[in-house]
Amino acid sequence: MGFLTYLINGLSLGSVYAIIALGYTMVYGIAKMLNFAHGDVIMIGSYLVFIGMSNIGGEQTGVMQVVKVVVCLAVSMIICAILGMVIEKVAYKPLRKATNLAVLITAIGVSYFLQNIALLIFGSNAVSFTSIISWQGISLAGGALKITGNAIVTIIVCIIIMVALMLFVQHTKPGQAMRAVSEDRDAAVLMGINVNATISLTFIIGSGLAAIAGALLCSSYPALTPYTGSMPGIKAFTAAVFGGIGSIPGALIGGLLLGIIEILAKAYISSQLADAIVFAVLIIVLLVKPTGILGKQIKEKV
Amino acid sequence: MSLLEVTNLGISFGGLRAVDELNLQIEQGELYGLIGPNGAGKTTVFNMLTGIYEPTDGTIFLDGKDITGKRTADINKAGIARTFQNIRLFGDQSVLDNVKIGLHNSYEYSTATGIFRLPKFFSTEKEMTAKAMEILSVFGLDKSKDLLASNLPYGKQRELEIARALATEPKLLLLDEPAAGMNPNETRDLMNTIALIRKEFGVTILLIEHDMKLVSGICEKLTVLNFGRVLSQGKTSEVLNDPEVIKAYLGE
Amino acid sequence: MNAYKKLNKSTQKLLINIVVIFAVYIVVTIMDASGNLSSLMRGLLVPVCAYSLVAVGLNLCVGYLGELSLGHAGFMCIGAFTSAFFSKAFQDTIPDVPRFILALIIGTAMAAIFGFLIAIPVLRLKGDYLAIVTLAFGEIIKNVITVMYVGKDSNGFHFSLKDQMSLGMELDGKMIINGAQGISGTPRQSTFGLAVLLLIVALIITHNFVNSRTGRAVKAIRDNQIAAETVGLPITKYKLTAFTLSAAIAGVGGVLYAHNINSLTATTNNFGYNMSIMILVYVVLGGIGSFSGSIIAAVVLTLLPEMLRGLSNYRMLIYSIVLIGLMLFNWAPSILKWRQQHGLKAILSKFNKNKEVQ
């Protein structure tokens, strides 16, 4: 039973990674850049939810509680989406034709910027994030297998987001534009697709999802600091590479695998070495399949 | 024995048969042309000869040695050098250094000798520079030795690529559309240069070209490819009068 | 002067760099002796040189090999821990000077060995995949060191990945690496003079390397790998050589760093991806391929937050804004175009042209 509990916890953590990884993978697929600041958008989103939850009208119960959570999340998502769009316009767009490395360093600058803004406003001490899910969860097999409400909701939210996003990308006009830009930006321009708008949209979606990911992450790991987004950001990025960067199903598979490996390694091998094990698995996967699990091989034309 | 002996060479990409049953013999000292419409598989043949693609079937012998499927660097050491249709120079390095990189395997000193600047470093570098300048002067590039390769005019870049290939002391030189993008005057100069390097360096040349004037002007033998297969093969004058070839080039 | 003019341009530049570094060294030493250097600044002298060394190493990898590594803090970490381990373990048995020289050799060699071993699989990958795998290796190195426990007693060395107790040492035993607390009490032998000397040596070595037969081959592979293969260059051999040298230089930085602090720990900020990224910022801002640029960027960007200390909480915020601004100023194509037309150089050249006309 212990194993099942770990597996479910791993799936739950993996779902959070998968949602964050979406942000990395979509931006990479469409703008061909590593957005190092994505993890910090998660942190900002978490703080926004935290402020909302602790300042809006006292303890609620039942339906009112759900309404409050949804409102807080929605506001946080909107602000993060705008933040993502502004970051792209101000810091990344001017460098679109410059070398990849320049954009990478700028993204690092943006990451420092967001961390230090948060540091100024909220200070370096951790605040305790109250879970947005008040449901205690279910208990199976006579109490031997407990599944927390956090885990169940996280997994379900992740599934909903994935399905919605796949439908969006496959069946809507903006989604098709995204696929076209990711396939061949220059050809997309010739076909009359507005590349700037498409890239903006990608940042808006990715950053909006980051707000949800932050709230879910902090519901399970409540200590929130200005650096909260950094390590999960790196790990989710790893998950995106793991699954094959640029691929949405890849982000899901990579995120889930990473979460499960991390929790199982913590439980059965060593809690201190869990990160090392996660990264070691990544390396092995990339050596066997150099473009990740679902990544496409691109050959240079001679 | 021929210098290059290609037997039943073929390659498939997925379901696509890009080159099929190619047989080719090139004798020592010959100037041989490989022609055909766009997409006929000419560059693919070059890529197989230089080990960039591994042939699906068939064999390649150079000077009696089997080089089929060998690695590109080893094939160069065995004696094949090439140029590219889309010029591939070491753009961020000087004209001189581009040729010195071509000389890399002919002169040797260790990495440590280079780092600690032992006497052998200075003597070898001096020899390399002298040899590189000698090759550059054949192309009149000696005056531009300190320019960055990417700053050379287009036609000169093509010549530098030939100079770099010659620096590896090949037995067989492959030229992929050397006259592409040149005007008639430049093409005439290029024909003279090719004739000159054959004489000076004693090298056998196989070239891909679209410019029929150049091909009929300097090639002794031709192979015409169409849809990956040999359409016609033999002496230049005979091949160019072959009704099949005329049909493929002019349509019916 | 004539002898100087006979040298080629890159050698001239190297000589100027060395002279400038030496001059800075003398000025700083005089300032220090006359009491004009704050203790804070004095404390930064050796770390700045250590970061500069790692940046020079990374620049070799990014600028000349053309591969992005996000794991160079890992090599610095290996250099730091292996050398500090040696110094601590033989503190009472080998005299100071030969011990430090041995520690330097061991730290550098171990970083080189790890660089070589990691490069074998890593260099098969390309671009961003290579970057993420080096990041992963750096994290693994850091992570593994934080769970290492090594002690020494009359029976010799004891090793564990669990905790101090499981070492089972005699009463006379002393801890050398104490898990997350790392190594404390390493002899503080990194002086500013030594740091400057090592930096100059590293500059000479990298300069000589990139301007040698091997260096040319490495640059050729960077510029066009397929063309490099067709002129017969053994790609893997030279990629490995350059990456190993790059890791070794980062290791020297680690040795310096370790012998300058009381307590050496492998935290995220010291040796994790944060440090790797900080070093990468030095390399990119200083100019990819310019070793002296890396050093200048390392010095300026380490001192900048300290000089802004008066602004207390705002300093890192300002730092990040300066970083973004500098990147846009130096790389954004639209700004570059504007600078070409209206920048200082453009104005000067216009001025010169006018003069010629007259």
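Predicted model: local features only at pLDDT ≥ 70, side-chain atom pairs only at ≥ 80, totals over all residues.
Residues are numbered from 1 along each chain as its sequence is written, while chains are lettered from A and ligands numbered from 1 in the order in which they are written. Helices (H or I, at least four residues) and strands (E, at least two) are DSSP runs, numbered from the N terminus.

**Helix H2 of chain A**

- Helix H2 of chain A has 18 residues, 38–55, and should span 26 Å at 1.5 Å a residue. The expected span is 1.5 Å times one less than the number of residues.
- The end C-alpha atoms of H2(A) are 26 Å apart, which agrees.
- Of its 18 residues, 14 are buried, so H2(A) is largely enclosed by the rest of the structure. A residue is buried if 20 or more other C-beta atoms lie within 10 Å of its own, exposed if 12 or fewer, and partly exposed in between, with C-beta atoms placed from the backbone.

**Domains of chain B**

- Chain B is divided into domain 1 (4–79 + 170–250) and domain 2 (92–157). The bounds come from an automatic or database domain assignment.
- The C-alpha centres of these two domains of chain B lie 29 Å apart.
- In chain B, 8 residues of domain 1 are in contact with 5 residues of domain 2. Contact means that the C-beta atoms of two residues, placed from the backbone, lie within 7 Å.
- Helix H7 (residues 184–201) of chain B gives the most to the domain 1 side, with 5 residues.
- That side of domain 1 has 3 nonpolar, 2 polar and 3 charged residues. Ala, Val, Leu, Ile, Met, Phe, Trp, Tyr, Cys and Pro count as nonpolar, Asp, Glu, Lys and Arg as charged, and the others, Gly among them, as polar.

**Helix pairs**

- In chain C, the axes of H2 (residues 9–33) and H7 (residues 192–210) come within 11 Å and cross at roughly 175 degrees. Axes are lines fitted to C-alpha atoms, for helices over the stretch in contact, and angles run from 0 to 180 degrees between N-to-C directions.
- H2(C) and H7(C) are therefore roughly antiparallel. Angles under 35 degrees count as roughly parallel, over 145 as roughly antiparallel, 65 to 115 as roughly perpendicular and the rest as oblique.
- Their contact has 9 nonpolar, 3 polar and no charged residues.
- Helix H3 (residues 95–102) of chain B packs with helix H8 (residues 213–223) of chain C at about 100 degrees, axes 10 Å apart. The two are therefore roughly perpendicular.
- Asp97(B), Lys100(B) and Ile101(B) of H3(B) meet Arg216(C), Ala217(C) and Ala220(C) of H8(C).

**Chain C against chain A**

- Here 38 residues of chain C are in contact with 35 residues of chain A.
- The chain C side has 30 nonpolar, 5 polar and 3 charged residues.

- Glu21(B) lies in strand S2 (residues 16–26). Glu21(B) has a positive phi of about 45 degrees although it is not a glycine.
- Glu177(B) is in the loop between S7 and H7 of chain B, with a positive phi near 50 degrees. Glu177(B) is partly exposed, with 19 other C-beta atoms within 10 Å.
- Asn183(B) is found in the loop between strand S7 (172–176) and H7 of chain B. Asn183(B) counts as exposed, with 9 C-beta neighbours inside 10 Å.
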